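Welcome! Please take a look at the structure below, and then we will walk through it together, one region at a time.

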Amino acid sequence: MIPRLLTAPEPGWTVDADVVVVGSGIAGLVTALRCRPHGKVLLVTKALLDEGSTRWAQGGIAAALAPDDTPDDHLTDTLVAGVGLCDEEAVRTLVTEGPEAVRWLIGLGTEFDRTAGGDVALTREGGHHRRRIAHAGGDATGAEISRALRAALKDADIETIEHALVLDLLKDGRGRAAGITLHVMGEGQPEGVGAVRARAVVLATGGLGQVFSATTNPSVSTGDGVALALRAGAAATDLEFVQFHPTVLWVGEGARGQQPLISEAVRGEGAHLIDHQGERFMVGRHELAELAPRDIVAKGIMNRMRETGTSHMFLDARHFGARMWEDRFPTILAACRHHGIDPVTEPIPVIPAAHYASGGVRTDLHGRTSIPGLYACGETACTGVHGANRLASNSLLEGLVFAARIAMAIAGDLAAEDGDTGRGTGPLDQGGDASRGEDGRGETASTGGGAGLLEPAVRGAIQRIMTAYTGVLRNAEGLAAAERELAALAARRGGAGGVAPRVEAWEATNLHTVATAIVAAARRREETRGSHWREDFPDRDDAAWRGHLITRLTGDAVPATTYEEMT
């Protein structure tokens, strides 16, 4: 049996909190701020506070703020984009609570772009029938939101630990989440492997895009939260639905790592997709043409590439002129020029790349997972909002809205816990010894050699496998090959005296866990829906597949999926 915990040294230090939040994007920062009135909050982040995915969000945050817009209109657009798999109650929660949540951000100090009359400036993006995307700094919305939240954090008496990779979940004797183990890298304080004992654990670790060779996600997006939750026994949902953003700057064959994003807002302002002959190939493929939902545009680009035998398509916004590019999209303009492309005078070469996980750790409408005391928020979670394909600019809104709901749930859950146990507001006693990494199932974090860890070098192999067989286009033969090749990598796990515990090995092992789970779900779903495109099953099949695939790890750490039909 493969150990379910990551191999790691015994924790050398321990801290206590009421709530530990893992991640510093919008989901993590808002959860920490909202939880602060209910007890001591510790915020843990993998790099610096401002290096999560939120800062890279260019387009904006969607909410029905305009007089001619309504939550019902936003609901309709979200349900259409989700291709029949959205949880309508979750979506209604998002769109009705969204406007007030955005106003809360504004009250916190977020400076959105304004019209000449002083109203919040709104634009359109793919899949939206109305202008409802609030933006900041032209195309630097995420950076501005992150700035405002970090400023608020300084005044909230919230302790933070930076440069910390979360390892595994601690549980008490009743099976409740009771904290985490983590490794703090050299720049952080304290240093080395430690344990946080907490009454509630919130995973807000962001995405998993680094499982692919090319992605819009930052280097820290290695699926750590999903991998941790799966190892702990939590359920994940809809992992096969990985969204590929249609317009990522094509920088040449074989590009790897984080790629420059060309925001959907560029198309929202009137840019056109063209092929190498200058033809607008999305016209006639969908009523919204270039502003169709992302899955449709990505498929349109891939189809046109196959039809013409070319490596990329183009986004043409030359008609914007220099002034609009400089005022509205300064970040994108700079990125293009850095790579030798001037969008003022020439079309931008674009290609789809891995962007967003619509699935994740399964939660209810208050962020509760299948493990008591463990919550998940943002891209790490699957609330049911996105279904088979996320609507543009709903991601920041989801993190904002559901973070507030998690804080309310934690306040109530901890109060109920106090009533049941007669405890005060201090951290729960551990059923096991947190200093030994015990998790309540009799498993402990190993010491010494590297049993259970993968060599850091397999990271590239994982990315190659996932890109080749589990990218935009999928089929049974390729998915079977991915499963075989990933299993072969798993067989290379280090034995005693083998792979030494270190950040690169932990990340590679997390990526492998997430990759195998994605492949298992993608192989099981024999239809095309949203961002899951099966060439061998090209049609949507509501009779057989209008439901969710729930993934858990078996005792041998192999992903097992079960199908749950929607009612």
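## A sheet of three strands

Three strands make up an open sheet, ordered S3-S5-S4 with antiparallel pairing. Strands are DSSP runs of E with at least two residues, helices are runs of H or I with at least four, and both are numbered from the N terminus. Two strands count as paired if DSSP finds at least two bridges between them. Strand S3 (61-62) and strand S4 (122-123) are at the edges with a single partner strand each, so one side of each has no neighbour in the sheet.

S3 pairs with strand S5 (residues 133-134) over two bridges, in the antiparallel sense. Within that pairing, alanine 62 has isoleucine 133 in S5 as its bridge partner.

## About this model

This is a predicted model, in which local features need pLDDT of at least 70 and side-chain atom pairs count only at pLDDT 80 or more, while totals for chains, interfaces and linings use all residues. Residues are numbered from 1 along each chain as its sequence is written, and side-chain values use heavy atoms, leaving out hydrogens and water.

Another open sheet has five strands in the order S19-S17-S11-S20-S21, with mixed pairing. Its edge strands are strand S19 (381-382) and S21, each of which pairs on one side only. Strand S20 (residues 547-553) and strand S21 (residues 559-565) run antiparallel and are joined by seven bridges. Isoleucine 550 has threonine 562 in S21 as its bridge partner, and leucine 553 has proline 559. S20 and S21 form a hairpin with five residues between them, and alanine 557 in the turn has a positive phi of about 65°.

Threonine 237 belongs to strand S11 (residues 236-237). Is threonine 237 buried or exposed? It is buried, with a relative accessible area of 4%; buried means under 20% relative accessible area, exposed means over 50%, and partly exposed is in between (1.4 Å probe, protein chains only). Leaving aside neighbours within four places in sequence, threonine 237 is in contact (heavy atoms within 4.5 Å) with residues including Cys382, His548, Leu549 and Ile550.

## A bent helix

Helix H3 (residues 88-108) has 21 residues and spans 29 Å from its first C-alpha to its last, close to the 30 Å expected at 1.5 Å a residue. The expected span is 1.5 Å times one less than the number of residues. At glycine 98, H3 bends by about 45°, and proline 99 follows within four residues. The bend is the angle between axes fitted to the seven residues ending at a residue and the seven starting there.

At the start of H3, a side-chain oxygen of aspartate 87 comes to within 3.0 Å of the backbone nitrogen of glutamate 89. Just after H3, glycine 109 has a positive phi of about 120°. Among the buried residues of H3 are Ala90, Leu94, Gly98, Pro99 and Leu105.

## The nonpolar cores

A nonpolar core is a set of buried Ala, Val, Leu, Ile, Met, Phe, Trp, Tyr and Cys residues joined through side-chain atoms within 4.5 Å. The largest one here has 84 residues, and those with the most contacts inside it include Leu169, Trp325 and Met466. Helix H13 (residues 503-524) gives the most to this core, with seven residues. Apart from it lies another core, of 49 residues, with Val19, Val41, Tyr375 and Ala403 among them.

Which residues does methionine 466 touch, not counting those up to four places away in sequence? They are Val211, Phe212, Gly471, Leu486, Ala515, Ile518 and Val519.

## Buried residues in a loop

The loop between strand S14 (272-274) and helix H7 (294-308) holds leucine 291. Leucine 291 is buried, at a relative accessible area of 10%. Not counting residues up to four places away in sequence, leucine 291 touches Arg124, Glu125, Gly126, Gly127, Arg267 and Gly268. Alanine 289 lies in the loop between S14 and H7, is buried at 12% relative accessibility, and has a positive phi near 50°.

Aspartate 275 is in the loop between S14 and H7 too, and it is buried, with a relative accessible area of 2%. The side chains of aspartate 275 and arginine 304 are joined by a polar contact of 2.8 Å. A polar contact is a pair of N or O atoms within 3.5 Å; within protein, one must be able to donate a hydrogen and the other to accept it, and residues adjacent in sequence count only if both atoms are side-chain atoms.
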